[in-house]
4 protein chains.
Amino acid sequence: MEKVNIGVIGVGRIGKLHTRNLKYQISGAKVLAVADIFEESAQQVASQLEIPIAEKDYRTLLENKDIDAVVICSSTDTHAQIISEAAQAGKHIFCEKPIALDLDKIDQAITAVKKAGIKLQVGFNRRFDPSFKKAKELVSKGTIGTPHLVRITSRDPEPPPISYVKVSGGIFLDMMIHDFDMARYLLDQEVVELMAVGSCLVDPAIGEAGDIDTAIVTLKYEGGAWGTIDNSRKAVYGYDQRIEIFGSEGCVSVGNPRPTEVIINSAKDTISDKPLYFFIERYQEAYLAEMEEFIQCIKEDREPSVGGLDGKISVQMGYAAKESLGKRSFVKLIR
Amino acid sequence: MEKVNIGVIGVGRIGKLHTRNLKYQISGAKVLAVADIFEESAQQVASQLEIPIAEKDYRTLLENKDIDAVVICSSTDTHAQIISEAAQAGKHIFCEKPIALDLDKIDQAITAVKKAGIKLQVGFNRRFDPSFKKAKELVSKGTIGTPHLVRITSRDPEPPPISYVKVSGGIFLDMMIHDFDMARYLLDQEVVELMAVGSCLVDPAIGEAGDIDTAIVTLKYEGGAWGTIDNSRKAVYGYDQRIEIFGSEGCVSVGNPRPTEVIINSAKDTISDKPLYFFIERYQEAYLAEMEEFIQCIKEDREPSVGGLDGKISVQMGYAAKESLGKRSFVKLIR
Amino acid sequence: MEKVNIGVIGVGRIGKLHTRNLKYQISGAKVLAVADIFEESAQQVASQLEIPIAEKDYRTLLENKDIDAVVICSSTDTHAQIISEAAQAGKHIFCEKPIALDLDKIDQAITAVKKAGIKLQVGFNRRFDPSFKKAKELVSKGTIGTPHLVRITSRDPEPPPISYVKVSGGIFLDMMIHDFDMARYLLDQEVVELMAVGSCLVDPAIGEAGDIDTAIVTLKYEGGAWGTIDNSRKAVYGYDQRIEIFGSEGCVSVGNPRPTEVIINSAKDTISDKPLYFFIERYQEAYLAEMEEFIQCIKEDREPSVGGLDGKISVQMGYAAKESLGKRSFVKLIR
Amino acid sequence: MEKVNIGVIGVGRIGKLHTRNLKYQISGAKVLAVADIFEESAQQVASQLEIPIAEKDYRTLLENKDIDAVVICSSTDTHAQIISEAAQAGKHIFCEKPIALDLDKIDQAITAVKKAGIKLQVGFNRRFDPSFKKAKELVSKGTIGTPHLVRITSRDPEPPPISYVKVSGGIFLDMMIHDFDMARYLLDQEVVELMAVGSCLVDPAIGEAGDIDTAIVTLKYEGGAWGTIDNSRKAVYGYDQRIEIFGSEGCVSVGNPRPTEVIINSAKDTISDKPLYFFIERYQEAYLAEMEEFIQCIKEDREPSVGGLDGKISVQMGYAAKESLGKRSFVKLIR
């Protein structure tokens, strides 16, 4: 297989970003088609990025024998169904997170994938951030000894629209799900129990929509280490994404990159840039790297490093956090 | 009152440090006497620092009419009793933390202080660290808006001897007590409930002594903000003392100072100093500043900014943490 | 003009980089053709990047009526001639630095450009680095008041092959030429005189080839400020590119970006990444931004911010530095 | 000798600082007497710091048999004479820089010291700064290989009064003299030639007083390395004291320490402290360390690491810089 022929399903912001990366930066891939329920969007992207085929119905892509793999960036509620159909059609699958908010649907999708024997990679892009990846590798090779404490900070620059909050599944399934995956990734260990606290401090409208905007989860790893994750829907200074792993032989941490290296010494202060604005800026390299991994896995016939089970466990953790918040006590994660 | 005449009770490491500061760096004070149950220690310090009087029994100092104030640095189990006696003798009191491990004894000491109308300052030195103080002042004046999240990291470079661990009252009363005070200080707010987790990850001998060495406490402030404190008895890279307060308008944080500003660019890495070794190095300025505050409070007849109630509440928080660890659930702080 | 049609002349490392950027990242451009005296290189690049035309002779591109502009990345000794011919053919020109090592040839090229009324942009990529650009803008808008001192550090990770050193024109024309341009750019002022020192400290073979590998130039601006530039052909820790502008109201500086934000606290040190390896890594964004500027200038019919005169003056400064090194005294720059 | 008995001559700002350090922080020393031509100053300091003897005439101290050593902090024009007399009186000598502005007088003082066989330490305090000291030690032990480039930045927060400028000897002898010493210290090598440029950019009144306020010196070491020193009389952001040594195997640098470790993330910027205000704040530890060294040298009968010759050479470099500025060419340093 010289080039992997790709169909992209859903070309909103993130779908378009993946299409552009696949088209222009990944030599091993060729985007043959895009599909979007808003047909006009599909046509616009196809025209702009010179993609031969633009469709309204993703099934047309699944029926196209030339297409080897699909990249699913449609709305969350459609992921599981499309995964099952794509698997049956023998297409390899890259799917944005989460696979579904319903665990049964996730199981069905995973079963379909297994049955078809195709590759499934879930879009936990942060695993491919060069800094987080290096941190994880240092932990893996024992640089900090046995891990004792993990700290993950994840704060958005501003909350999503209330209309989105209402259907998002809540902060734990929509936002902290990335951090749950990061927590597992960094130590290559499962979390055995967790405890969530939080409230609505940023915007009362989020509370009225039944969600919270500020949360802390404390978690315990199977290896005995403890972790905390803190989330806020609004950090006025930009996207705040930091981690720290502390162990018996040291500590490895990752701070926020900044747009420039400029420092101003004024009569009053020392001033440097604030962090990058949001995920599109911060995870630019990560989005590209995850797609390169997906294409390489197909070409080399190996399993993606982040698959269906990872997609499922992060959702399970989200539900456990929701349950914990209500009960005000620890919730065990059973698998 | 031109100079405040001081008697220091207990001249172990910290007592000697205070004596030296009072003698050499604080122009408003004059150390008249030192006392220590190890009389030889008292004599050595007196001789070395040119203090006129060295006694075995602290009561001799309390009876000395020339002495205006005492600095209590004896072992924890003697603090409350000495406070009561010193108060009755009309001496102003600086007392190392904790006042006592027994809340009744703390109450008795506070009552004696109130009755005598003298000043009592408790040795929460970290409040006087220039960085933490500036952070707190920024929060007070609204630089970060309404606080939403507080994070305190406090890790020692190595555990104390097991013999000490056994009588220390445990990690929450011996070590995290400083962080409980810091938590209250930073927001100038009370904590209404907290939840502790932790285990023995550093040294099994600490576990055998009935204590843990790694702990995380999640806490809720009366104003609605959430906080986390993490403690470890052993950070191989030195004393790790950081804070972060995140709010609606920004974030203020304090990192670890380093011994030098040297940076090495090698063929392999960029290398800088590790943090200062331990509290003596890190809080040198803070120890001096708290004593200056004490002397100024006496001279200007005003209440110390950190008094008996602060000493009591931090111990209450320690007990709440202990209780929470056992129950695995939140514990409310009742006052 | 919807898209600017481009022909790239010379597709070695930097030519290929520009072709890739133009093809994949700059929506306003379309690469119609590439040419290289090594025809096979042209064909390979054309095939790999899906460029319709691959030629051995650049003149074929100049004759192609569909081509609006050429990007000249051939060897330095061919630049001036190709500029003249391209200008006569009415093509807009982006040319890698230097235009030529011979000032007369530079003048002829500039004259041809003026006569033809086409755009010429010279490849001083560093002007488009986001950090340097921001620093310059801060200086322009008066953030640091009147500039007094400028410091530019520019050190390569390793020397070029001796075969290249021999034909390079020497460190001042090959390497420091970028810093001469940076010096002018940062203050938007001309340098009126300069003084060069230097010697061969890195590799005796460079000395045997008649060049030096370590140099410092002190320069005076027309506005009265002083500057220093230091160059080394070998910084074992990677590409070291820093600037500092100090003025009456403050100082603005730019440090080296690093590949990741990872920090390791070990029992021995605090360790972070070394700088990026070399110009390809460091100036990735700058290479793209300069090409975007070129395309925009054509589309909007405005002069590029860095043109023929900038190309000429930097070469004049290189010759002045050479002369100064020999005379061991200041050399005035006459224009 | 249990304690070294000290007499301090001249108790202006720096003399008082040394007296305080000797009295309170250096256990091996005892300040017996202070002298000052303003007798009232001597009496005030003596009273405040509890020094037994206060004199107007320093000769009284030289005649005092109990005094082992003197610390000379009087005005520069008196240094050489007092050194000679103190040496004849058999007193060890710590003298603030410069020994004199007249090289003959320096030679006479050095001769007197040699003849008397007493210790002379010159007050180049920066050598004792923990960061610069560590940098120098790293260079000494080969961490950066063979040194190629040295960069020293030294900028004051504000110019001295014009009355002082007039008698100061000029920027090279008054201010850069410290950097000349630093240049020699860092590589443990002599400078063989130097070239100075500079002008009056900060305040025309400094120019009218016959001095400049902004200067750059380029220098060559005997080992082949090159160095630059830049000075400004006014950095609005505080005392700017940085160094960098670049060599065949890496680079070691020292930045400015800051008063606190506080970082503010605001909606606009990331803000940290500006550097410490001036030498008193920046070199607090260095002033103490140099005095400790002096006392130890006396007690252990060894030569101070910075003696009369260091004092002389730095003045020679100052004159060479003055000469170079006039001639606009390099000046060789002959010894």
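1. Two residues are taken to be in contact if their C-beta atoms, placed from the backbone, lie within 7 Å. On that criterion, the contact between chain C and chain B takes 12 residues from chain C and 12 residues from chain B. The model under discussion is a predicted one. On the side of chain C that touches chain B, the residues divide into four nonpolar, four polar and four charged. The largest share of that side, three residues, is supplied by strand β14 (residues 270-272) of chain C.

2. Strand β14 (residues 270-272) of chain B is joined to β14(C) by three bridges, and the two strands run antiparallel. Within this pairing, B:T270 stands opposite C:S272.

3. On the relation between copies, chain A can be laid on chain C with an RMSD of 0.0 Å, by a turn of 180° and a shift of 0.0 Å along the axis. The two copies are therefore related as by a two-fold rotation axis. The same surface serves both copies, since 100% of the contact residues of chain A recur in chain C. Of the residues of chain A, A:Y24 comes closest to the rotation axis, its C-alpha lying at 2.5 Å.

4. The domain assignment of chain A gives domain 1 (4-118) and domain 2, the latter made up of 127-286 and 313-332. Taken over C-alpha atoms, the centres of these two domains of chain A are separated by 28 Å. Five residues of domain 1 of chain A are in contact with six residues of domain 2 of chain A. The side of domain 1 that touches domain 2 consists of four nonpolar residues, no polar residues and one charged residue.

5. The largest nonpolar core has 436 residues. Those with the most contacts inside this core are A:I83, B:I83, C:I83 and D:I83. For the copy in chain B, and leaving aside neighbours within four places in sequence, the contacts of B:I83 are B:I72, B:I93, B:C95, B:I99, B:A109, B:A112, B:V113 and B:L120. As general background, nonpolar side chains in soluble globular proteins tend to be buried together.

6. Strand β9 (residues 214-221) of chain A is largely enclosed by the rest of the structure, because eight of its eight residues are buried. A residue counts as buried if 20 or more other C-beta atoms lie within 10 Å of its own. Both faces of β9(A) are involved: A:T214, A:I216, A:T218 and A:K220 point one way, A:A215, A:V217, A:L219 and A:Y221 point the other way, and all are buried. The reader may note that A:K220 is among these buried residues.

7. The partners of β9(A) are as follows. Strand β8 (residues 191-199) of chain A is joined to β9(A) by eight bridges and runs antiparallel to it; here A:G198 has A:A215 as its bridge partner. Strand β10 (residues 226-232) of chain A also pairs with β9(A) in the antiparallel sense, over seven bridges, with A:T218 opposite A:T228. β9(A) and β10(A) form a hairpin with four residues between them, and A:G224 in the turn has a positive phi of about 105°.

8. A last point concerns C:E2, which is placed in the segment before β1 (4-9) of chain C. C:E2 counts as exposed because it has 6 C-beta neighbours inside 10 Å, the limit for that class being 12 or fewer. C:E2 and C:K299 are 297 residues apart in sequence, yet their C-alpha atoms are 8.2 Å apart in space.

Definitions and conventions:
Residues are numbered from 1 along each chain as its sequence is written. Chains are lettered from A and ligands numbered from 1 in the order in which they are written. This is a predicted model: local features need pLDDT of at least 70, side-chain atom pairs count only at pLDDT 80 or more; totals for chains, interfaces and linings use all residues. A nonpolar core is a set of buried Ala, Val, Leu, Ile, Met, Phe, Trp, Tyr and Cys residues joined through C-beta atoms within 7 Å. Domain bounds come from an automatic or database domain assignment. Ala, Val, Leu, Ile, Met, Phe, Trp, Tyr, Cys and Pro count as nonpolar, Asp, Glu, Lys and Arg as charged, and the others, Gly among them, as polar. Copies are superposed by least squares on the C-alpha atoms of residues with pLDDT of at least 70 in both. Two strands pair if DSSP finds at least two bridges between them.
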